[in-house]
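Student: Could you walk me through this protein model, one question at a time? I would like the cut-offs along the way.

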Amino acid sequence: MSPNQVMPSAGRPLSPVAVALMLMLCLSWGFNQIAVKLALPDIPPMLQATIRSAGALPVLLLIAWLRGVKMFERDGTLVAGLFAGVLFGFEFVLIYRGLLLTSASRAVVFLYTAPFFVALGSYQYLGERLRPSQWGGLALSFAGVALAIGVPQADVDANVLLGDLMIIGGGALWAATTVVAKGTALRFAPPEKVLGYQVAVSIPILTFAAWISGESLARIPGPLALSLLAYQAIWVVGLTFLLWFGLVQTYSASKLSAFTFITPLFGVVASYFIMHDTLTLAFGAAALLVIAGLYLVNKPDPKIAPDPNVLA
C-alpha cells in the first residue's frame with residue numbers, strides 16, 4: 001500500500017476539539033505524576049501500576065456496555081491486541097523501575113523522547129511524513145521540556161545512566177503502542193477494546209514485576225492514597241487513555257504525540273500549587289519553546305488543501 005492508502009489522516013490538522021481534548025489529557029497526565037508521588041508512602045510504585053490497571057478494567061467494561069461495544073466479539077484484533085498489551089505492560093515496568101535508579105526530573109526529560117519514536121515509527125510504518133519544520137518543532141518542544149525540568153548534574157554514576165536508559169525504553173514502548181494501535185487492525189476496533197487489551201494483559205505483567213521487586217503494603221492505605229489511586233485508575237487510565245486511543249485512530253499519531261510535550265509543563269505547574277515547588281523565568285522560556293514547537297508541528301501544509309467535510 002502507498003502511504004496515502006494506509007494513513008489518510010496523516011495530513012489532517014488537529015481540529016479545535018482535538019486540541020482542547022489534548023490539553024485536557026495533558027493536564028490530567030501532568031497531575032497524575034503528582035498523584036503517584038503523593039501515594040508512594042502508602043503504596044509502592046509497581047503495586048500502584050498493578051492496582052491502577054486492575055481498577056481501570058471494570059471501568060472500561062462498564063463504558064463498553066453502556067455504549068453497546070462488543071468487547072469479546074471476534075474481529076481479527078486478538079494478535080495485535082495482545083502485542084499492544086505486552087508493550088503497555090513492559091512500558092510501565094521500565095518506567096517505574098527506572099524511577100528507582102534515576103531522578104524524577106531526568107525521567108521526565110527522557111520519557112518525552114517518545115514523540116520522536118512516534119515520528120520515526122509513523123514514518124516507517126504508517127506513511128506519515130513530517131516536514132523539516134515539523135522535525136524542528138519536535139526538537140524545540142523537547143528543548144523546552146529539558147529547560148523546564150532542568151536536567152541535573154553531569155557527574156552521574158552507572159546506576160543513574162541505567163535508569164535513564166530504562167526510561168527511554170519506556171518512552172519507546174509508549175511510542176510503539178501508539179504505532180501498533182494506529183497501524184494494525186486495532187485502528188478499526190472501538191477504543192474501549194483497544195485499551196481493554198492493554199489493561200488486561202498488563203495486569204499479570206505488572207503483578208509479576210511487583211512480586212519480583214518485593215513490593216507489599218506495609219499498612220492499609222489512607223483516604224488520600226486511595227483517592228489518588230482511584231483518580232489514576234478511573235480517570236487517567238479508564239477515561240483519558242480511552243480518549244487518547246480514540247484520537248489516535250482519527251488524527252496523525254505524530255502530531256498528537258507532539259502535544260504530550262505539554263504534560264511535564266502541567267506537572268511543574270501542579271507541583272507549584274500542590275507541593276509548593278518554585279517557578280522560574282526559565283520555566284516561562286521553556287513554555288514558549290514548547291508552544292513554538294507545537295505550532296511548527298501542527299502548522300498546516302500549504303500544499304495540502306483543507307478538507308471542507310472534516311469538522312472535527
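**Burial, confidence and fold**

Tutor: Of the 312 residues of the protein, 51% count as buried, where buried means under 20% relative accessible area, exposed over 50% and partly exposed in between, with a 1.4 Å probe and protein chains only. This is a predicted model, so local features need pLDDT of at least 70, side-chain atom pairs count only at pLDDT 80 or more, and totals for chains, interfaces and linings use all residues. Residues are numbered from 1 along each chain as its sequence is written, and side-chain values use heavy atoms, with hydrogens and water left out.

Student: What is the mean pLDDT of the protein?

Tutor: pLDDT is the predictor's confidence in each residue, from 0 to 100. In this protein, 86% of the residues reach 70 or more. The mean pLDDT is 84.

Student: Which element has the highest mean pLDDT?

Tutor: Helix H1 (residues 3-6) has the lowest mean among the elements, 40. Over residues 1-10 the pLDDT is below 50, yet this stretch has 21 contacts in the model beyond near neighbours in sequence, a contact being heavy atoms within 4.5 Å. Residues 305-312 are also below 50, with five such contacts. The highest mean, 96, belongs to helix H9 (residues 191-212).

Student: How many helices does the protein have?

Tutor: Helices (H or I, at least four residues) and strands (E, at least two) are DSSP runs, numbered from the N terminus. Read along the sequence, the pattern is α-α-α-α-α-α-α-α-α-α-α-α-α. There are zero strands, and the number of helices is 13.

Student: Trp29 and Phe241 form an aromatic pair; which geometry does the pair have?

Tutor: Rings of Phe, Tyr and Trp (its six-membered ring) pair if their centres lie within 6.5 Å; planes under 30 degrees apart count as stacked, over 60 as edge-to-face and the rest as tilted. The structure holds nine aromatic pairs. In this one, the ring centres are 5.9 Å apart and the planes are at 80°, which makes the pair edge-to-face.

Student: How many residues apart are Trp29 and Phe241?

Tutor: The pair links distant parts of the chain, with Trp29 in helix H2 (residues 16-39) and Phe241 in helix H10 (residues 223-250). Trp29 is buried, with a relative accessible area of 9%, and Phe241 is buried too, at 13%.

Student: Which charged residue sits over the ring of Phe92?

Tutor: Phe92 belongs to an aromatic cluster with Trp29, Phe88, Tyr96, Phe241 and Trp244. A charge sits over a ring if NZ of Lys or CZ of Arg is within 6 Å of the ring centre and within 35 degrees of the ring normal. Here the charged end lies 4.5 Å from the ring centre, and the residue is Arg52.

Student: Is Asn32 buried or exposed?

Tutor: Asn32 is found in helix H2. Leaving aside neighbours within four places in sequence, Asn32 is in contact with Arg52, Tyr231, Gln232 and Val236. With a relative accessible area of 10%, Asn32 is buried.

Student: What is the relative accessibility of Ser141?

Tutor: Ser141 lies in helix H7. Beyond neighbours within four places in sequence, Ser141 is in contact with Phe261, Leu289, Val290, Gly293 and Leu294. Ser141 counts as buried, and its relative accessibility is 1%.
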